[in-house]
Every structure is written in structure tokens, then in C-alpha cells.
Amino acid sequence: MNKGELVDKVAERATVTKKQADAVLSAAIETIMEAVSEGDKVTLVGFGSFESRERKAREGRNPKTGEKMEIPATKVPAFSAGKVFKEKVAPPKE
């Protein structure tokens with residue numbers, strides 16, 4: 001599903017126009033990205049959490065030459081699915 005299809009589904013479920021659904025979805029995504037880039041954690045209960053994580057410096061290899069190289073430490077965005085989301089994707093076995 002791409003963003004356009006998501007906007008269509010949201011508009012249908014929320015009984016709003018596609019333009020309104022797109023504006024709200026875009027605003028929500030931008031707000032989450034801004035918060036995470038500033039170091040905040042965004043938690044949507046049942047859905048999951050967005051946060052930035054530190055990735056340690058590590059040694060890698062250049063795929064063309066096989067030469068060893070140092071990959072610097074960096075921050076990366078991360079998402080952790082919430083319990084309800086996980087159960088929706090993979091229902092618990094009985």
C-alpha cells in the first residue's frame with residue numbers, strides 16, 4: 001500500500017475528503033519525523049513507538065575491493081511495534 005492508497009482508506013473510514021485525510025496524514029508524519037529527529041520518542045499506544053537510536057561505529061568492507069574500512073557511529077530512526085499491532089500481524093497460537 002502506498003501513501004495515496006492509505007489516504008483513500010483513511011478518508012473512507014473517517015468519512016472526510018481525500019484532501020483532508022492527506023493533510024492530516026502528512027501533518028502526522030511530519031510531526032513524528034520532527035520529534036524523532038529532535039531526540040524525542042513518539043508512542044502511539046497499541047500501534048508502536050518511533051525513536052532514534054545510536055548505531056555504534058563498526059568495521060566494514062568495501063564490496064568492490066574487499067578493503068577494510070571504518071563505518072562511523074550514527075543515529076538511525078527506529079520503530080518498535082506495539083503489542084496490539086504484533087498480535088494483529090501474528091495472532092498468538094493456542
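The following dialogue examines how the terms applied to this predicted model follow from their definitions.

Tutor: This is a predicted model, in which local features need pLDDT of at least 70 and side-chain atom pairs count only at pLDDT 80 or more, while totals for chains, interfaces and linings use all residues. Residues are numbered from 1 along each chain as its sequence is written, and side-chain values use heavy atoms, with hydrogens and water left out.

Student: Why is Ser 49 called buried?

Tutor: Its relative accessible area is 11%. Buried means under 20%, exposed over 50%, and partly exposed in between, with a 1.4 Å probe and protein chains only. Ser 49 is therefore buried. The residue is found in strand β2, residues 48–55; strands (E, at least two residues) and helices (H or I, at least four) are DSSP runs, numbered from the N terminus.

Student: What makes the pair Ser 49 and Thr 43 a polar contact?

Tutor: Their side chains are joined at 3.4 Å. A polar contact is a pair of N or O atoms within 3.5 Å; within protein, one must be able to donate a hydrogen and the other to accept it, and residues adjacent in sequence count only if both atoms are side-chain atoms. The pair of Ser 49 and Thr 43 is accordingly listed as a polar contact. Thr 43 also stands opposite Ser 49 in β2. Beyond four places in sequence, Ser 49 is in contact (heavy atoms within 4.5 Å) with residues including Lys 41, Val 42 and Phe 79.

Student: What makes β1 and β5 edge strands?

Tutor: The open sheet has 3 strands in the order β1-β2-β5, with antiparallel pairing. β1 (42–44) and β5 (74–81) each have a single partner strand, so one side of each is left without a neighbour in the sheet. The twist averages 30° from one strand to the next. Helix α2 (residues 18–37) packs on the sheet, touching β1 and β2, and its direction makes about 35° with that of β2. Such axes are lines fitted to C-alpha atoms, for helices over the stretch in contact, and angles run from 0 to 180 degrees between N-to-C directions.

Student: How do you know that the span of helix α1 is close to the expected value?

Tutor: The expected span is 1.5 Å times one less than the number of residues. Helix α1 (residues 3–14) has 12 residues and reaches 16 Å from its first C-alpha to its last, close to the 16 Å expected.

Student: Why is the pair Lys 3 and Asp 22 called a salt bridge?

Tutor: A salt bridge is a side-chain nitrogen of Lys or Arg within 4 Å of a carboxyl oxygen of Asp or Glu. The closest N and O atoms of Lys 3 and Asp 22 are 3.6 Å apart, and the pair qualifies. Lys 3 is in helix α1 and Asp 22 in helix α2, 19 residues apart.

Student: What makes Asp 8 and Lys 18 a link between helices?

Tutor: Their side chains meet in a salt bridge at 3.6 Å, N to O. Asp 8 lies in helix α1 and Lys 18 in helix α2, so the pair ties together parts that are 10 residues apart in sequence.

Student: Why is Lys 18 called exposed, whereas Asp 8 is called partly exposed?

Tutor: Lys 18 has 52% relative accessibility and counts as exposed. Asp 8, with a relative accessible area of 34%, is partly exposed.

How values were computed: Two strands pair if DSSP finds at least two bridges between them.
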